[in-house]
Amino acid sequence: TIPSLQAKWRFVSYDLHRMRVDNDFRHSDSGRVLSLKVGWSLFLENPIFGVGAGDLRQAVDDKYQVLYPELESRKMPHNQFMTVLAGAGLLGFILFIVSIFYPLFYQSNYKHPFFLIIIMIALLSFMVENTIENAVGVAFYLFFVLLMINHLDHNNKKQRIAQER
């Protein structure tokens, strides 16, 4: 019912059709899918430790050069989880997952709906962008997570003091 959403859906469908039928990866959405394929390929070559976060850009460029030399636009894996898998391997990915979900389970924070919403927003963002690969993304994530932890910690202290009286 929303014209701009309908137009976007038509463009995504067209772009993915061109990718499948014509092997054309020059557009936005097909380029993102291709970046995920490149990231997955890098992970499969280096599954335990990855290629290294500092070497990821060069490894991505090298992989594009081997698999898709005709493409000029070479995107990093367009998903935070894939970026971590390719750059840090399975060991780094496990550490990443633990560090992302630890605040949720710290003092049973998963019981608080606003905290769940903050984590869900971050996770959804991780699915379509490299959210925490820049300072703004890290600051956004940490600001809201630490703000909620501080708020919930403060409330827990107030409850303990009230129970002691």
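**Exercise 1.** Which residues in H5 are buried?

*Solution.* The model is a predicted one. A residue counts as buried when its relative accessible area is under 20%. In H5, this holds for Phe115, Ile118, Ile119, Ala122, Leu123 and Phe126. Viewed down the axis of H5, these buried residues lie within an arc of 130°, so they line one face of the helix. The general rule behind such a pattern is that an α-helix has 3.6 residues a turn, so residues three or four places apart point the same way. On the face of H5 turned away from the buried side are the exposed residues Pro113, Phe114 and Leu124. The cover over the buried residues of H5 includes helix H4 (80–105) and helix H6 (135–164).

**Exercise 2.** Determine which residues of H3 are buried and what covers them.

*Solution.* Helix H3 (residues 56–67) has twelve residues; from its first C-alpha to its last it reaches 16 Å, close to the expected 16 Å. Its buried residues are Leu56, Ala59, Val60, Lys63 and Tyr64. They cover an arc of only 135° around the axis, and therefore lie on the same side of H3. Helix H2 (28–45) and H4 are included in what covers them.

**Exercise 3.** Describe how H2 and H4 pack.

*Solution.* Two packed helices are described by the angle between their axes and the distance between the axes. For H2 and H4, the angle is about 15° and the axes are 8 Å apart. Because angles under 35 degrees count as roughly parallel, H2 is roughly parallel to H4. The crossing of H2 past H4 is left-handed. At the contact, Leu36, Gly39, Trp40, Leu42 and Phe43 in H2 meet Met82, Leu85, Ala86, Gly89 and Leu90 in H4.

**Exercise 4.** Is Val84 buried or exposed?

*Solution.* Val84 is found in helix H4. Its relative accessibility is 11%, so Val84 counts as buried. Val84 and Leu56 are 28 residues apart along the chain, and their C-alpha atoms are separated by 9.6 Å.

Technical notes:
Residues are numbered from 1 along each chain as its sequence is written. This is a predicted model: local features need pLDDT of at least 70, side-chain atom pairs count only at pLDDT 80 or more; totals for chains, interfaces and linings use all residues. Side-chain values use heavy atoms; hydrogens and water are left out. Buried means under 20% relative accessible area, exposed over 50%, partly exposed in between (1.4 Å probe, protein chains only). Helices (H or I, at least four residues) and strands (E, at least two) are DSSP runs, numbered from the N terminus. The arc is that of the directions from the helix axis to the C-beta atoms. Contact means heavy atoms within 4.5 Å. The expected span of a helix is 1.5 Å times one less than its number of residues. Axes are lines fitted to C-alpha atoms, for helices over the stretch in contact, and angles run from 0 to 180 degrees between N-to-C directions. Angles under 35 degrees count as roughly parallel, over 145 as roughly antiparallel, 65 to 115 as roughly perpendicular and the rest as oblique. A crossing is left-handed if the near helix is turned anticlockwise from the far one by less than a right angle, and right-handed if clockwise.
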